[in-house]
Amino acid sequence: MATSPFEFRDPERAKQLAQAIRRWAPPHPTKIVHVCGTHEITITRHGLRSLLPPQLSVLEGPGCPVCVTSTAELDLAVQLALEGVVVCTFGDMLRVPGSRLSLAEARAQGADVRTVLSPAAAVEVARENPGKEVVFFAVGFETTAPGTAAVLLSSPPDNFSVLAAHKLIPPALEALLGLPGVEVAGFLAPGHVSTIIGVEAYAPLVERFSVPVVVGGFEPLDVLYALALIVRQLSQGRAEAENAYPRAVLPQGNRKAQQLLEKVFYPAGAHWRGIGPIPNSGLAIREEFSAWDASVKFDLEGAPGEEIPPGCRCADILVARAVPTDCSLFGKACTPTSPVGPCMVGSEGACHVWYRYGGKPEL
Ligand code: SF4
């Protein structure tokens with residue numbers, strides 16, 4: 001039987017969960033980090049932080065794929081566009097600043113840059129334009145990467161290729177734990193990424209760092225429930241990978257999607273904007289598919305540019321060392337219509353979400 005979404009917005013259940021969180025939360029300052037723009041939207045839009053005890057903070061880390069795409073990767077896409085290649089990507093990527101130009105600015109200079117909703121739509125663009133080279137600039141986490149793998153396995157046309165900038169969540173969580181001044185007590189893991197990789201994918205991290213990781217869904221009660229499980233683990237001195245979203249996430253994840261990823265990609269080092277290089281946190285295209293690898297086809301090599309504009313605190317926000325209102329430009333010089341940094345551009349970026357929904361709790 002289908003579940004009504006209203007079951008996940010029951011104020012009484014929310015109050016009970018908030019009480020449980022207050023009861024189990026450690027008495028000292030404690031930081032829980034999530035890595036998902038959709039979680040940030042749920043938390044901010046529904047005013048969930050107002051239900052938490054003051055010593056418990058929940059911050060967004062590197063959870064916005066657009067925000068963490070490095071300038072080196074973006075500059076390569078801009079370079080291709082300026083050289084006459086048709087560049088297709090997701091809409092949020094267009095206004096993210098590169099070293100010199102964004103993709104939107106390249107388009108304003110005459111480049112053919114198109115927004116698509118899926119990699120398959122970029123393949124269609126290639127089929128419709130056989131005389132042109134078409135590159136899909138592939139960004140996003142484990143959630144979007146299987147779609148890219150699927151098109152590469154479907155014998156796309158010769159004039160199609162992929163500029164791969166996909167990133168992996170577990171290595172990013174591990175990198176955060178090694179950064180000074182971040183001090184993560186527990187992770188709220190993203191439900192959609194976890195549908196692909198499964199809860200078991202977090203077990204090595206939990207074992208190595210003794211940090212609770214709880215997978216959460218996206219309704220307000222899902223998030224409160226996951227937070228309650230994290231603080232319950234803390235109160236009991238446990239550190240486990242736990243599933244608070246069993247209606248969508250399996251322990252082992254989606255094996256079919258994982259097999260697609262394994263066939264097409266292998267883990268490789270990647271540069272995260274605001275964080276820097278993280279070993280095995282990206283996906284490189286295997287040699288068998290090099291005919292559709294834009295970095296091979298066009299002999300591309302990225303050079304890191306200026307990652308964060310002067311005055312912008314995105315680098316601290318992306319590692320959960322700061323929140324958007326810590327930035328003096330927030331809501332003044334920097335707004336969604338005139339963004340200064342990547343965290344205000346991406347609709348899943350913390351600054352964008354706080355500007356859009358901040359101060360308007362609905363629960
Ligand atoms: S408000 Fe703008 S300038 Fe400040 S951290 Fe966010 S994106 Fe950067």
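**Helix pairs, domains and a ligand shell**

The crossing of H2 and H16 is right-handed, and that makes a handy place to start. Keep in mind as you look around that this is a predicted model.

Helix H2 covers residues 37–45 and helix H16 covers residues 350–357. Their axes sit 10 Å apart and the packing angle is about 25°. Angles under 35 degrees count as roughly parallel, so H2 and H16 are roughly parallel to each other. Who does the touching here? On the H2 side you'll find Gly 37, Glu 40, Ile 41, Thr 44 and Arg 45, and they meet Ala 350, Val 353, Trp 354 and Tyr 357 of H16. Sorted by class, this contact has five nonpolar, two polar and two charged residues.

From H7, the contact takes Ala 145, Pro 146, Ala 149, Ala 150 and Leu 152; from H12, it takes Ala 257, Leu 260, Leu 261, Lys 263 and Val 264. By class that works out as nine nonpolar residues, no polar ones and one charged.

Time to zoom out to the domains. The chain splits into three pieces: domain 1 is made of 5–65 plus 170–243, domain 2 of 67–168 plus 254–297, and domain 3 of 314–357. Between domain 2 and domain 3, the C-alpha centres lie 25 Å apart. Their contact draws on nine residues from domain 2 and 11 residues from domain 3. If you look at the domain 2 side of that contact, you get five nonpolar residues, one polar and three charged.

Last stop: the ligand. Which residues are closest to the ligand? They are Cys 312, Cys 327, Cys 334, Gly 341 and Cys 351, out of 14 residues that surround the ligand. Helix H14 (314–317) and helix H15 (342–345) are the elements giving two or more residues to this shell. As for its make-up, the shell around the ligand has 12 nonpolar residues, one polar and one charged.

Conventions. Residues are numbered from 1 along each chain as its sequence is written. This is a predicted model: local features need pLDDT of at least 70, side-chain atom pairs count only at pLDDT 80 or more; totals for chains, interfaces and linings use all residues. Domain bounds come from an automatic or database domain assignment. Two residues are in contact if their C-beta atoms, placed from the backbone, lie within 7 Å. Ala, Val, Leu, Ile, Met, Phe, Trp, Tyr, Cys and Pro count as nonpolar, Asp, Glu, Lys and Arg as charged, and the others, Gly among them, as polar. A residue is near a molecule or strand if its C-beta atom, placed from the backbone, lies within 6 Å of it. Helices (H or I, at least four residues) and strands (E, at least two) are DSSP runs, numbered from the N terminus. Axes are lines fitted to C-alpha atoms, for helices over the stretch in contact, and angles run from 0 to 180 degrees between N-to-C directions. Angles under 35 degrees count as roughly parallel, over 145 as roughly antiparallel, 65 to 115 as roughly perpendicular and the rest as oblique. A crossing is left-handed if the near helix is turned anticlockwise from the far one by less than a right angle, and right-handed if clockwise.
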